[in-house]
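Hi everyone, thanks for making time this morning.

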Amino acid sequence: MKLKIALLPGDGIGPEVTAQAVSCLQAVEETFGHEFIFASASVGAVAIAETGDPLPEDTLALCKRSDAVLFGAIGDPKFDNNPDSKVRPEQGLLKLRKELGLFSNIRPVKVFPTLIGNSPLRREIVEHTDFVIYRELTGGIYFGEKTLSPDGTSASDLCLYTEDEISRIAHLAFKAAKNRRKKLTLVDKANVLESSRLWRRVVTKIAESYPEVALNTLFVDNAAMQLILNPGQFDVILTENMFGDILSDEGSVIGGSIGLLPSASVGERYSMFEPIHGSYPQATGKNIANPLASILSAAMLLEHFGLREEADAVSKAVDRSLREGIVTPDLDPKSKYGTDDVGHFVATHIADGEDYRGLNKE
Ligand code: IPM
Ligand code: MN
């Protein structure tokens, strides 16, 4: 298969981890005989420094000419300490999601057996964690009209959803549940918010076309609690933009390291793959950032294009690095391995294939 992949490494540790994901994709290319054409462009604080714009025209144009985007990270403390700044790196990411129509953000959360000890929760609570969050990504309060009164003493953000926006992601979430453990939890605040009541009506109606999937609903405050009390109860979680943002960060700590979680953002035409973690400025340039979330995002990219065996080869090589302790210091403070060692190990084991060619298939 021939794929054009746009690389948007972005800020902080983004470039370091993306480089490792690219070397893993190159190993896949060689091992399985595909052709991946990579082209890079800037986004975020780096792009602001270069052009004044967090999403330069050229970057957007490159994404639109590509089959998929591999994104690194965005954000710089320079801007966080200055909330009044007119231009912010995050605007680049939000505009990219909107322009590419990436309405569905898919964030799988699972616990790697060798890392259960790293979780802040007890083993018996986390060991059966395996769920995926479907977060609506281009609507709701993130994109509704914003106002600030002229005297600066009142402000508002509108949370607006249409039936179509809810229904297109709901169908994706139900299809995912059908292929998994057949349970879908809609998270909302329907006891208070009109937009949540619309979500409930639309999703309950759609559930009729997926009789094999059991639908339940939870208010977001309760869901936040349930995620910590009993994460094993969840299979597919469907929710709106901001609830999904918050719950996915909560979900990301269950497994012990945010450095392991990948994500996919998909729309009708385009798709983008990125680690859940941020730009981790304190680690920039130190060769200590965990590249596995970026590498697993590359695996999600392969899966998205139907390259199942290839995606499996990447995941198996990642499992192996965890099993053999070839990990960055976030997972093992005594580790002597750097970002590039871990990436190199994974890429090498994709190529040698010993772990996936029918030997260890579950
Ligand atoms: C995420 C991030 C973004 C979001 C920020 C950087 C705008 O937190 O992808 O979850 O809030 O969506
Ligand atoms: Mn977030």
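Let me begin with a question: at about how many degrees to β9 does helix α9 run? Helix α9 (residues 220-229) lies across β8 and β9, and its angle to β9 is about 105 degrees. Axes here are lines fitted to C-alpha atoms, for helices over the stretch in contact, and angles run from 0 to 180 degrees between N-to-C directions. Helices (H or I, at least four residues) and strands (E, at least two) are DSSP runs, numbered from the N terminus.

Some housekeeping. This is a predicted model, where local features need pLDDT of at least 70 and side-chain atom pairs count only at pLDDT 80 or more, while totals for chains, interfaces and linings use all residues. Residues are numbered from 1 along each chain as its sequence is written, and chains are lettered from A and ligands numbered from 1 in the order in which they are written.

Now the sheet. It is open and mixed, with 10 strands in the order β2-β1-β3-β12-β11-β4-β5-β10-β8-β9; strands pair if DSSP finds at least two bridges between them. β2 (35-40) and β9 are the edge strands, each with a single partner, so one side of each has no neighbour in the sheet. From one strand to the next, the twist averages 25 degrees.

Contact means C-beta atoms, placed from the backbone, within 7 Å.

The chain gets from β8 to β9 through helix α8 (residues 194-207), in a right-handed β-α-β crossover: with the strands pointing away from the viewer, the path from the first strand over the helix to the second runs clockwise.

Asp-245 sits in helix α10 (residues 241-254). UniProt, in an unreviewed entry, lists Asp-245 under "binding site" with Asp-221 and Asp-249; such annotations may be inferred rather than shown by experiment. These three spread over 29 residues of sequence yet cluster in space, with a largest C-alpha distance of 14.4 Å.

Conventions: Contact = placed C-beta atoms within 7 Å.
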